[in-house]
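Open the model in your viewer and get ready to select a few residues and strands. We will go one stop at a time.

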Amino acid sequence: MIYADYNATTPCLPEVADLVRDCLCETYGNPSNRASLMGRRARAAIDTAREQVARAVGASTDEILFTSGATEACNTAIFGVMERLLPTRPRILTSTIEHPAVCMPAEACTPAGAEWIELAVDPQGRLDLDAFARQLNDKTAPKTALVCVMAANNETGVLQDIREVVRLSHAAGALVFCDMTQMLGKASFSVHAEGIDFACFSAHKCYGPKGVGALYKRRGLALSPLIRGGGQENGLRSGTENVPGIAGFGLAADLAAREVNARRAHLQRLTRLLESEVKRSLPGLIVQSEGADRLPGTSMFTLPGLRGKWLAQLSDVVASSGSACASLQEKPSHVLRAMGVDPDLAARSLRISLGVPTTEAEVRQIAKRLIEGANRLQS
Ligand code: PLP
């Protein structure tokens, strides 16, 4: 079996798994118990992880809040901002290609009086910046509290011009939330340099454990907590900290940042190989967002004329038809639909996402399977 679904999740690195195990079995004190050595050791593990994650994303340690994953970080930022700003700034703008972890909380703010507007993308999946600026600066519309635009799309890999989104948003007095879940270890970035107000990250997308992530909150910004209780994480995320997960995330983020250039070069080489092999044998093949800047490692393929689902033809390759959530709901990708792809074609599209452990031999095998599957569906 060849794994080619690294955007959905990644295997835990052995050194990360060792650290998680140590925290589960050795450093198992409660980090809130500062009177005990065990508690202080657990606290030190969290402190180290916070430094590692902050360094990896270009933030300060006091700006990093650990959560159960990117989904919780999105919910915390969106509900936390809207609860405070709704009376004066009722609008929330999200791009049409955001992950459901962003669209669903945005929509859930509407019964309380929020106005949720989705921002169009062009056929390459890039945000239409002119239409966005018009929405932001519409003097007849209510004011915008929060703009949510993801840095890199999980289905196509398309990268957005986040600095421009920040510039336009801040000029209109709006805050910016950026979903950076797919970025760690694939692109060099710094949340401070981008000027973002909030960003989310997830450990299991960068060879860390599942069930842990982080929210970046720019220093000085206020947020209402989503989860209330014992006051952990500065009162912003109560509940005994997931020390093994947090420590594992810290190490995974540290390695991702240190190795980003080598990982990116590896993924670029393999993505080029995969796309050229498949295109050579399948005339008419569309690589979605090919004309835009993309993260390496992600290829969303669409082939007009297929009778049936391409993905179903791959018996020994683990791939997907879009995000894990879209697969759960068996719906055609909302990302491709937002880019203007016909729903039928979107439903038959296929995403291959490569990772650090992927080899050239595997890529050649994946290309062979894709071509054989397409030929079967075309004949
Ligand atoms: N945002 C993006 C872009 C993702 O790819 C994912 C993962 O599917 C998420 C958010 C949610 O991440 P998590 O599984 O950590 O909640």
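Is Cys23 buried or exposed? Select Cys23: this residue is buried, with a relative accessible area of 5% (buried means under 20%, exposed over 50%, partly exposed in between, with a 1.4 Å probe and protein chains only).

Before moving on, note that this is a predicted model, where local features need pLDDT of at least 70, side-chain atom pairs count only at pLDDT 80 or more, and totals for chains, interfaces and linings use all residues. Residues are numbered from 1 along each chain as its sequence is written, and side-chain values use heavy atoms, leaving out hydrogens and water.

Zero disulfides turn up in the whole structure (a disulfide is a pair of cysteine sulfur atoms within 2.5 Å). Cys148 is in none either, as its nearest cysteine sulfur, in Cys74, is 8.1 Å away. Cys148 is buried, with a relative accessible area of 0%.

Next, show the strands (DSSP runs of E, at least two residues, numbered from the N terminus, as are helices, which are H or I, at least four). Seven of them form an open sheet with mixed pairing, in the order β2-β8-β7-β6-β5-β3-β4 (two strands pair if DSSP finds at least two bridges between them). Select β2 (64-67) and β4 (115-119): these edge strands each have a single partner, so one side of each lacks a neighbour in the sheet.

Finally, pick β7 (residues 198-202) and β8 (residues 213-217), which run antiparallel and are joined by five bridges. Here Phe198 stands opposite Lys217 in β8.
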